[in-house]
Structure formats: structure tokens, C-alpha cells
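Please keep the structure in view as you read.

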Amino acid sequence: MATVRAPRSSASARNSAPVVVEEVDTSFLETLLGYNARRAALAAITVFLEEMAPFRLKPVEFSVLSVIAHNPGVTSRQLCSALGILPPNLVGLVNELEKREVIARKPHPRDGRAMGLHLTPAGQKLVRDAERKAAELEANIGARLSPSELRTLITLLKKIYRPG
């Protein structure tokens with residue numbers, strides 16, 4: 001575990017010679033869950049963005065398409081709830097995916113006011129290829145962990161963001 005060092009007081013900093021930082025001390029930050037989660041997420045997202053560029057998919061678009069693929073007919077409201085997306089943000093995203101002809105809206109069978117979201121044949125191929133690539137990326141990202149460590153990490157992360 002990293003040691004936490006107290007910052008210098010501003011009075012002692014003013015009275016001493018200028019300091020040259022040879023190695024940046026991030027030991028306090030490294031004790032914080034949010035800092036570590038964010039650093040891990042940034043590392044994963046950077047690789048994701050590079051590898052998903054040929055598919056023209058950002059993480060949120062990939063997530064939306066994957067949920068639609070595994071839940072044909074899902075509504076926008078259900079998508080927002082499942083992915084933690086605000087409705088106004090999802091509207092533009094769904095419109096863009098529809099314009100790309102990878103999803104289509106169809107009347108919901110039980111709720112006349114709702115529209116179900118479905119993949120088009122092009123969307124099915126896109127998701128199939130993108131999910132295959134995402135699985136490869138995950139395997140590479142998780143290669144530093146044993147299978148047991150990876151399962152534990154995912155379980156612990158879910159405890160943080162899932163209610164109850």
C-alpha cells in the first residue's frame with residue numbers, strides 16, 4: 001500500500017529554495033477508488049476508441065447497440081434505465097443510429113405510445129463484428145489479471161454502480 005505524505009505548508013515552501021520535481025508523487029490519489037477507477041477506464045476507453053474506429057462506434061453507441069441486439073424491441077426508456085443515459089442524450093443518439101440505418105423503430109406490441117428499437121440487418125452485422133472485437137479487447141486489457149481476479153474485479157465494480 002502506498003504511503004500518504006502530507007503536502008508542504010505554503011510558508012515553508014516560500015522560505016526554501018525552488019524544488020525540482022524528479023518523480024511525481026501520486027500516492028494519495030492512488031488510495032482513492034474514483035481515481036483508480038477513472039485511470040483504469042481511461043486506459044480501456046483509449047484502446048476501445050482506437051479499435052472501434054473502423055466501426056464508427058463510441059462506447060455509448062456500442063452499449064446502446066449491444067443492448068438492442070440482446071433485447072430486440074427494447075424501448076428508449078428501458079435503454080436509459082439500463083445504461084444510465086439521460087433521455088435527452090439518448091434521443092440524438094437513437095436518431096443518429098437510425099440515420100446510419102443500423103436500427104429501426106417499430107410500434108411496441110403492448111404500449112401504443114412506445115416504440116421498440118430493433119437492429120436492421122446492417123445493424124446485426126455491425127454488432128456481431130463489434131462485439132467480437134470488444135471481446136478481443138477485453139481479453140487483452142484483462143490479460144494482466146487471472147480469470148479469478150478479473151471476475152472479482154467485475155463483481156466489485158458492479159457493487160459500486162448497481163443499487164442495493
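The axes of H3 and helix H6 (residues 121-141) come within 10 Å and cross at roughly 115 degrees, where axes are lines fitted to C-alpha atoms, for helices over the stretch in contact, and angles run from 0 to 180 degrees between N-to-C directions. This is a predicted model, in which local features need pLDDT of at least 70 and side-chain atom pairs count only at pLDDT 80 or more, while totals for chains, interfaces and linings use all residues. Residues are numbered from 1 along each chain as its sequence is written, and side-chain values use heavy atoms, with hydrogens and water left out.

- The contact (heavy atoms within 4.5 Å) involves Phe-62, Leu-65, Ser-66, Ala-69 and His-70 on H3, and Leu-126, Val-127, Ala-130, Glu-131 and Ala-134 on H6.

**Aromatic pair**
- Searching the whole structure gives 1 aromatic pair.
- The ring centres of Phe-48 and Phe-62 are 5.4 Å apart and their planes stand at 70 degrees, so this pair is edge-to-face (centres within 6.5 Å make a pair, and planes over 60 degrees apart make it edge-to-face).
- Because Phe-48 lies in helix H2 (residues 33-52) and Phe-62 in helix H3 (residues 59-70), the pair ties together parts that are 14 residues apart in sequence (helices are DSSP runs of H or I with at least four residues, numbered from the N terminus).
- Phe-48 and Phe-62 are both buried, meaning under 20% relative accessible area with a 1.4 Å probe, protein chains only.

**Around Met-52**
- Leaving aside neighbours within four places in sequence, Met-52 is in contact with Leu-57, Phe-62, Ala-130, Lys-133, Ala-134 and Leu-137.

How values were computed: Phe/Tyr/Trp six-rings, centres within 6.5 Å; stacked < 30°, edge-to-face > 60°. Helix = DSSP H or I, 4+ residues; strand = E, 2+ residues; numbered from the N terminus. Buried < 20%, exposed > 50% of the residue type's maximum accessible area, 1.4 Å probe, protein only.
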